[in-house]
Amino acid sequence: SELKVNSSEWTINASGQWGWWFSGSNPYTSDAPQVFLPAAGCRYDNFLGAYRGYLGRYWSAEPLSYNADYLRFHNGKGSANIINGPRADAYSVRCVQVTD
């Protein structure tokens with residue numbers, strides 16, 4: 001099952017990077033505290049750096065055996081969500097402190 005997260009739509013930031021803005025547990029607005037996660041791509045089907053500028057995949061802090069939860073978003077998808085997938089796909093890691 002998918003868990004939807006509070007975020008903007010697909011956008012470009014002031015540095016020219018494509019990605020999404022995320023607002024944690026707060027409903028997303030341009031005034032909410034937020035963090036930008038770029039579409040960094042991933043290692044997928046043995047292609048290093050695949051899909052850079054098109055998709056973002058970020059691991060959660062809790063690995064589960066061979067799988068783990070991760071945040072996913074990409075160009076053309078209506079929402080960002082959290083799903084479970086194989087750790088071998090080598091998605092991005094970024095430390096983000098969540099506060100309410």
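Visitor: What counts as a helix or a strand here?

Guide: Helices (H or I, at least four residues) and strands (E, at least two) are DSSP runs, numbered from the N terminus. By that rule, this predicted model has 0 helices and 9 strands in its chain. Read from the N terminus, the elements run β-β-β-β-β-β-β-β-β.

Visitor: How do you know how confident the predictor was?

Guide: The pLDDT gives the predictor's confidence in each residue, from 0 to 100. The chain averages 79, and 80% of its residues score at least 70. Among the elements, strand β3 (residues 18-22) has the highest mean, 89, while strand β6 (residues 47-50) has the lowest, 66. A word of care: where pLDDT is low, the predicted coordinates should not be read in detail.

Visitor: Why is Asn 13 called buried?

Guide: The cut-off for buried is under 20% relative accessible area. Asn 13 has 15% relative accessibility, so the residue counts as buried. Its place is in the loop between β2 (11-12) and β3.

Visitor: What makes the approach of Asn 13 to Ser 15 a polar contact?

Guide: The limit for such a pair of N or O atoms is 3.5 Å, with one able to donate a hydrogen and the other to accept it. The side chain of Asn 13 reaches the backbone nitrogen of Ser 15 at 2.9 Å, so the distance lies within that limit. Leaving aside residues up to four places away in sequence, Asn 13 also touches Trp 21 and Phe 36.

Visitor: Why are β2 and β4 said to stand at the edges?

Guide: Let's start with their sheet, an open one of 3 strands in the order β2-β3-β4, with antiparallel pairing. β2 and β4 (35-38) each have a single partner strand, so one side of each is left without a neighbour in the sheet.

Visitor: How do you know that β3 and β4 pair?

Guide: Pairing requires at least two bridges found by DSSP. β3 and β4 have 4 bridges in the antiparallel sense, so they qualify as a pair. Trp 20 stands opposite Leu 37 in β4.

Visitor: And what makes strand β8 largely enclosed?

Guide: In strand β8 (residues 67-74), 6 of the 8 residues are buried, so the strand is largely enclosed by the rest of the structure. For the chain, buried residues make up 35% of the 100 residues.

Visitor: Which strand pairs with β8?

Guide: That is strand β9 (residues 81-86), paired with β8 in the antiparallel sense over 6 bridges. Arg 72, for instance, has Asn 81 in β9 as its bridge partner.

Key. Residues are numbered from 1 along each chain as its sequence is written. Side-chain values use heavy atoms; hydrogens and water are left out. Buried means under 20% relative accessible area, exposed over 50%, partly exposed in between (1.4 Å probe, protein chains only). Contact means heavy atoms within 4.5 Å.
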